[in-house]
Amino acid sequence: MTGMALSWLPVLAILLRTTAPVTFDPNERYLEQHEFTSPVNGEAFVAYILKDDVNVIDWDYDRCPHPPLNTLAYALVIDPATGYVAPPDEFEQPTPWEASDLADLLGQPRFKRLAPEGLPWAGAYAWEKLENAALLAQAEDAPAHVIGNWWLLAGWAVRLDVISGTNEFDTRVRELFARFPEQGPDPASLFEPYQLQVARAWEELRNTGQLPELSDADFALAMAWLYRSRGELRGADHWLHMATLGDETLPDSDLLYQYLYSSIDLERHYLGTARRWLVQAWDNGEFNQMQQAGTAFMLAELNRRLGELPAAVFWYNQAEELNMGLLNPDLIAMLRERCSTGVGY
């Protein structure tokens, strides 16, 4: 796939020069500590920053990057007391926000974790930081495309957390996948991410009776993880449903099932919000001629992942019509065909 016109995503420039609150991280070899002073309350705290650039390994169809660690977890510095966020090289600059303003705008964290008294945002998840950035951008009446960018990155942060290597269910996933045959990449597949190639290969083996030792529930959970890891929410939903048909106790008893279900719901919320703001930006005429095809493609991808397949086809058509050589027409045709079949993934 050739490069996409995503220059309307200015916040992507901060992906590889990032920080996070101090917590244990198995990717610590990439990180170093740095002391920051909150511009809101003057309190000092320590956060991790990346030691160097982190190479991106591959991308999803919507250009969500897949580096070896979730760099979006370090895209912003967050004040552990107030929830104020900013890029690391801008964090200590004066801000108009008072602690009381931030309390009204951001409220309390929606996600439970062990945080010290008086520091509710300590150890904030990647998507919380990006959600706070979106909320502050809204409060500042930023252009709609800037707000949409932040919500989009929040959705990507949830997606990348699935493969971060920091989850309680990682051992379960490894043990589950150890029961499948190894599957190398398909050299004939020009666009399809590796995990999706594996999913299709394993489904073919299952359909031909070559994976008889796996229960229906375990097979479906593995498939759900593969689709979910690349943000294919419809595919992940389908296989989670199939897993419950094989074992109806999973929603109450299986940590992997519970995580996949909740993370799909969370990414869907963020992508839906991003879509709303980006459509508003489109209607406002915020994109120049070189940006329009990439934006239309992104809106097609958002709709496809959210299950709005006729809308996705419309936006793929727009992307094709507006393309100035920055989008691969074969990729557009492939994704549009998946929507036209009614499956979407």
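1. Basis of the note. The model is predicted, so that local features need pLDDT of at least 70 and side-chain atom pairs count only at pLDDT 80 or more, while totals for chains, interfaces and linings use all residues. Residues are numbered from 1 along each chain as its sequence is written, and side-chain values use heavy atoms, with hydrogens and water left out.

2. Helices (H or I, at least four residues) and strands (E, at least two) are DSSP runs, numbered from the N terminus. Strand E2 covers residues 31–37 and runs antiparallel to E3, to which seven bridges join it; two strands pair if DSSP finds at least two bridges between them. His-34 has Ala-47 in E3 as its bridge partner. Six residues lie between E2 and E3 in this hairpin, and Gly-42 in the turn has a positive phi of about 75°.

3. Five of the seven residues of E3 are buried, and the strand is mostly covered; buried means under 20% relative accessible area, exposed over 50%, and partly exposed in between (1.4 Å probe, protein chains only). The structure holds 21 aromatic pairs. Phe-45 and Phe-91 form one of them, edge-to-face, at 5.6 Å centre to centre and with 90° between the planes. This pair links distant parts of the chain, 46 residues apart: Phe-45 belongs to strand E3 (residues 44–50), and Phe-91 to the loop between strand E7 (85–86) and helix H1 (99–106). Both Phe-45 and Phe-91 are buried. Rings of Phe, Tyr and Trp (its six-membered ring) pair if their centres lie within 6.5 Å; planes under 30 degrees apart count as stacked, over 60 as edge-to-face and the rest as tilted.

4. A pair between two helices. Phe-297 and Tyr-316 also form an edge-to-face aromatic pair, with 5.8 Å centre to centre and 65° between the planes. Phe-297 is in helix H10 (residues 289–306) and Tyr-316 in helix H11 (residues 309–322), 19 residues apart, and the pair links distant parts of the chain. Phe-297 and Tyr-316 are both buried.

5. An aromatic cluster. Phe-177, Phe-180, Trp-202, Phe-219, Trp-225 and Trp-239 form one aromatic cluster.

6. Arg-63. This residue lies in the loop between strand E4 (58–59) and strand E5 (65–66). Arg-63 lies over the face of Trp-59, at 4.6 Å from the ring centre; a charge sits over a ring if NZ of Lys or CZ of Arg is within 6 Å of the ring centre and within 35 degrees of the ring normal. Arg-63 counts as buried because its relative accessibility is 18%. Most residues other than glycine have a negative phi. Arg-63, a residue other than glycine, has a positive phi near 75°.

7. Asp-141. A positive phi, near 55°, is also found at Asp-141, again in a residue other than glycine. Asp-141 is placed in the loop between helix H2 (126–139) and helix H3 (144–161). Its relative accessible area is 68%, and Asp-141 is therefore exposed.

8. Helix packing. Two packed helices are described by the angle between their axes and the distance between the axes. Axes are lines fitted to C-alpha atoms, for helices over the stretch in contact, and angles run from 0 to 180 degrees between N-to-C directions. H3 packs with helix H9 (residues 255–283) at an angle of about 165°, the axes being 8 Å apart, and H3 and H9 are therefore roughly antiparallel to each other. Angles under 35 degrees count as roughly parallel, over 145 as roughly antiparallel, 65 to 115 as roughly perpendicular and the rest as oblique. Helix H5 (residues 194–207) and helix H6 (residues 216–229) pack at about 155°, with axes 8 Å apart, so H5 and H6 are roughly antiparallel to each other.

9. The segment after H12. Gly-342 is in the segment after helix H12 (329–340). With a relative accessible area of 41%, Gly-342 is partly exposed. The C-alpha atoms of Gly-342 and Gly-307 are separated by 9.3 Å, and the two residues are 35 apart along the chain.
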